[in-house]
Amino acid sequence: MSSVVVAGTGSYVPDRVVTNEDLSKIVDTNDEWISTRTGIRERRFASDEEAASDLGIEAARRALADAGMDASELDAILVATCSGDMIFPNTASMIQHAIGARQAFCLDLSAACSGFIFALKVAKDMIRGGSERAILVVGAEKMSTLLDWEDRDTCILFGDAAGAAVLTLSDEPDTGLLVEQLASDGSLGELLSVPGGGSRAPMSEQVLADRMHCIKMQGREVFKHAVVNMTQAALDICEAAGLHPDDIACYIPHQANVRILRAIQERLEQPEEKFFVNLHKYGNTSAASVIVALDEAVKSGRIKTGDRVMLAAFGAGFTWGACILKWTR
Ligand code: ACO
């Protein structure tokens, strides 16, 4: 049976570096607290002129170049984002226009920090279904627009970035995207949300005054659920693939908090070196996080041909999931 493989990856972060020290001049925090509690040392913020699509466009161009493909070869573009340019049109259509992917139909997918993995699964099944042969999957976020500078619990956590992957069909069996497992629990949605600005609480002076257009998070609860659910997803997916966690050469978890990553790594009884970490540079970039980390891991030589790689994520919804790839490039 043919496989769905990653033909190329790319990522892009804006130029502006914002250190913990910089944040301590805006909110009551300090580098020591942020780095020991989260592992984050700095993050990137996009400029006022840059929106999520601008970051996604650059990541998409890099992924296409990496795949040696032209945008005209794309059949579809899926963009995972919770900070898209506008309510509509979707961000995917903006990226399509900029890169000249005229044949591609475009849709955005919303699953917060799990969005990229959810979009990978959708794209894989679309290709498997036979109607599309090449799909661009993008995670693009300008999280800095959702931050509440009066809430030091959350404003220190997030950053802006985008990553992209081109998925194609391969004749080689049992390679590329091997298995995915996704889950959601809507009963816990209130623990992590941006409650205002949608149809529940449309934008108003009150919404702005109550900071409801910004991220609201119960950090400790999110932390616990992230550890438990990502660990379980990793174990379940290994079992589904007939693998042991030892068989995974590189883990690419959602980059939210290094303590979450360490807790999962210990529960899976894996060495620290197997867990790729770049959150010290970028913070939590939501749907961009996993694909930016995958791209960096590949480009830095951490992932080699034939390696089994696990991606895992957890985010608002709650949503979570994992997938295992056999790296083909
Ligand atoms: N600087 C200094 N002190 C702070 C800061 C800050 N930025 N933020 C909180 N504190 C203080 C608190 O006020 C509290 O003080 P107190 O003890 O005097 O009351 C103390 O630090 C401890 O606060 P906690 O909230 O208990 O700290 P905790 O160790 O839980 O860390 C954190 C908070 C980093 C947010 C953690 O809970 C976390 O990472 N949660 C998960 C976040 C996450 O993974 N999100 C992923 C999904 S995001 C998405 O889907 C969009």
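**Figure 1. Overall dimensions and make-up of the predicted protein chain.** The radius of gyration of the protein chain is 19 Å, which agrees with the value near 20 Å that a compact globule of 329 residues would have; this radius is taken over C-alpha atoms, and the globule rule is 2.2 Å times the number of residues to the power 0.38. The C-alpha trace spans about 55 × 45 × 35 Å along its principal axes. This is a predicted model, in which local features need pLDDT of at least 70 and side-chain atom pairs count only at pLDDT 80 or more, whereas totals for chains, interfaces and linings use all residues. Residues are numbered from 1 along each chain as its sequence is written, and side-chain values use heavy atoms, with hydrogens and water left out. The secondary structure comes to 11 helices and 13 strands, these being DSSP runs numbered from the N terminus (helices H or I, at least four residues; strands E, at least two). Of the 329 residues, 56% count as buried, where buried means under 20% relative accessible area, exposed over 50% and partly exposed in between (1.4 Å probe, protein chains only). Among contacts (heavy atoms within 4.5 Å) between residues at least 6 apart in sequence, 76% join residues at least 24 apart.

Figure 2. Phenylalanine 88 and proline 89 are joined by a cis peptide bond with omega of about 5°, and proline 89 is placed in the loop between strand E4 (76-80) and helix H4 (91-99). Within H4, the buried residues are Thr91, Ala92, Met94, Ile95, Gln96 and Ile99, and their cover includes helix H3 (52-67), E4, E5 and strand E6 (134-142). Just after H4, glycine 100 takes a positive phi of about 80°.

Figure 3. Most residues other than glycine have a negative phi, and most peptide bonds are trans. Alanine 112, although not a glycine, has a positive phi of about 50°; its place is in the loop between strand E5 (105-109) and helix H5 (115-129), and at 14% relative accessibility alanine 112 counts as buried. Aspartate 174, also not a glycine, has a positive phi of about 55° and is found in the loop between strand E7 (160-170) and strand E8 (176-184). With 62% relative accessibility, aspartate 174 counts as exposed.

**Figure 4. The aromatic pair of tyrosine 251 and phenylalanine 275.** A search of the whole structure finds four aromatic pairs, a pair being rings of Phe, Tyr and Trp (its six-membered ring) whose centres lie within 6.5 Å, with planes under 30 degrees apart counted as stacked, over 60 as edge-to-face and the rest as tilted. The rings of tyrosine 251 and phenylalanine 275 have centres 4.7 Å apart and planes at 15°, so the pair is stacked. Because tyrosine 251 lies in strand E11 (residues 250-253) and phenylalanine 275 in the loop between helix H9 (258-267) and helix H10 (279-282), the pair ties together parts that are 24 residues apart in sequence. Both tyrosine 251 and phenylalanine 275 are buried.

**Figure 5. The cis peptide bond at phenylalanine 318 and an aromatic cluster.** The peptide bond from glycine 317 to phenylalanine 318 is cis, with omega near -10°, and phenylalanine 318 lies in the loop between strand E12 (308-315) and strand E13 (319-326). One aromatic cluster is formed by Phe314, Phe318 and Trp320.
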